[in-house]
Amino acid sequence: MPGLLSNPRQRQFRKKLLAWYDSHARDLPWRANRDPYRVWLSEIMLQQTRVAAVIEHYHEFLRRFSTVEKLAAAREASVLAAWSGLGYYRRARMLHAAARVIVREHGGKFPDTMEGLQALPGIGRYTAAAIASIAFGEPVAVVDGNVERVLQRVGGERMVGEELWRAADHLLDAKRPGDFNQAMMELGAVVCTPRAPACLTCPVIELCATRGELAAITKPTPQKKREIHYALHLHGEKVFLAQRSRQASLMAGMWELPELAAVNDESKPLFTLRHSITVTDYTVRVWTAANPPGAAGKWIPASRLSRMALTGLARKILRKAALL
Ligand code: SF4
């Protein structure tokens with residue numbers, strides 16, 4: 001690869017990294033087998049969501065939709081309900097659409113190449129390479145934020161775009177591409193972390209050009225702060241919920257509590273909680289009031305809430321109110 005390590009050092013890098021991965025890899029449920037459906041599901045869930053949160057939802061999703069055929073046959077509302085809590089619902093819609101294409105056009109079998117996978121809805125370059133290498137052993141490298149950081153620090157160079165993909169491809173172990181890709185991501189996630197890389201425990205420290213000197217390579221994005229207000233209206237065993245527009249760019253069609261533009265004298269504070277979405281930390285104040293606002297919505301029996309496609313924040317509020 002242009003400039004990163006000489007060939008003998010690349011071989012050493014692969015050997016040391018894979019030996020470390022073989023003995024230190026976290027025991028994550030999607031690593032138990034290489035079934036492409038499971039690999040695909042975990043990769044989509046892991047985009048923009050923490051491992052711990054994904055583990056919680058992964059088993060439940062598989063319990064509801066154990067095969068790609070079952071996912072393809074499901075109603076969209078059921079898929080969104082199973083996705084509830086993971087956020088970024090476009091991923092769930094694309095997952096559902098891709099399952100239908102796999103069943104309709106490929107007889108329920110996943111395409112077994114990166115190129116074939118990339119033709120499916122919601123599968124970009126990274127995800128296609130991850131599934132192709134992990135499930136089918138195709139020698140293609142992945143680049144995500146973790147891999148990018150490791151490559152930059154090991155090479156001691158700032159690389160961007162295609163340079164990173166080329167660097168990752170050169171370093172890849174072609175005999176164990178799936179394990180190598182996972183090992184690179186694992187190293188970035190647990191050892192070569194953004195702010196405080198644990199260089200002294202790093203398996204490739206002898207081959208690393210920077211050994212922590214580029215620790216500040218990724219500057220954290222400053223979090224914005226915002227306060228928002230929601231109304232929790234109860235009527236017997238029913239809760240008043242509003243449905244987001246089907247055209248909304250985020251969480252289209254999901255159900256949530258009505259947002260309050262302003263709080264008036266009739267509103268009484270119930271509780272406050274914190275919620276973070278990407279770069280914004282929200283202080284969420286929940287109020288109760290006698291009548292629902294003018295917003296369109298419905299009274300939903302509390303017994304139906306767990307089966308509804310709720311936004312993550314609505315789920316959090318309803319849990320805190322002991323309605324879920
Ligand atoms: Fe990252 Fe330090 Fe390992 Fe280099 S030695 S790859 S900076 S953890």
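Which residue just after H5 takes a positive phi? Gly85 does, with a phi of about 105°. This is a predicted model.

## The chain as a whole

The chain has 324 residues, and 47% of them are buried. Its secondary structure comes to 12 helices and 7 strands. Along the principal axes, the C-alpha trace spans about 75 × 50 × 30 Å.

Now look at contacts between residues at least 6 apart in sequence. Of these, 67% join residues at least 24 apart.

## Helix H5 and its cover

Helix H5 covers residues 76–83. Its buried residues are Val79, Leu80, Ala81, Ala82 and Trp83.

## The nonpolar cores

In soluble globular proteins, nonpolar side chains tend to be buried together. In this chain, the largest nonpolar core has 77 residues. Phe13, Trp40, Phe61, Trp83 and Leu151 have the most contacts inside this core. Helix H8 (residues 125–136) gives the largest share of the core, with 8 residues. A second, separate core has 21 residues, including Val239, Ile300, Leu305 and Met308.

Take Phe61 as a close-up. Set aside its neighbours within four places in sequence. Phe61 is then in contact with Tyr37, Leu41, Met45 and Leu71, among others. Its list of contacts also includes Val79, Ala82, Trp83 and Leu95. Val79, Ala82 and Trp83 are buried residues of H5.

## A buried loop residue

Thr49 lies in a loop. The loop runs between helix H2 (36–46) and helix H3 (51–64). Is Thr49 buried or exposed? Thr49 has 15% relative accessibility, so it counts as buried. The cut-off for buried is under 20%.

Which residues does Thr49 touch, not counting those up to four places away in sequence? They are Val54, Leu86 and Arg91.

## Around the ligand

Where does the ligand sit? The ligand sits in the largest cavity. The residues around the ligand include four cysteines: Cys192, Cys199, Cys202 and Cys208. Arg153, Val154, Val191, Pro197, Ile205 and Gly212 are also around the ligand.

This shell divides into 8 nonpolar residues, 1 polar and 1 charged.

Note on methods:
Residues are numbered from 1 along each chain as its sequence is written. This is a predicted model: local features need pLDDT of at least 70, side-chain atom pairs count only at pLDDT 80 or more; totals for chains, interfaces and linings use all residues. Side-chain values use heavy atoms; hydrogens and water are left out. A residue is near a molecule or strand if one of its heavy atoms lies within 4 Å of it. On a 1 Å grid over the protein atoms alone, a cavity is a set of points where a 1.4 Å probe fits but cannot get out, and a pocket is an open set with protein on both sides within 12 Å along at least five of seven lines; lining residues have an atom within 4 Å of a point. A molecule sits in a cavity or pocket if more than half of its atoms lie within 2 Å of its grid points. Ala, Val, Leu, Ile, Met, Phe, Trp, Tyr, Cys and Pro count as nonpolar, Asp, Glu, Lys and Arg as charged, and the others, Gly among them, as polar. A nonpolar core is a set of buried Ala, Val, Leu, Ile, Met, Phe, Trp, Tyr and Cys residues joined through side-chain atoms within 4.5 Å. Buried means under 20% relative accessible area, exposed over 50%, partly exposed in between (1.4 Å probe, protein chains only). Helices (H or I, at least four residues) and strands (E, at least two) are DSSP runs, numbered from the N terminus. Contact means heavy atoms within 4.5 Å.
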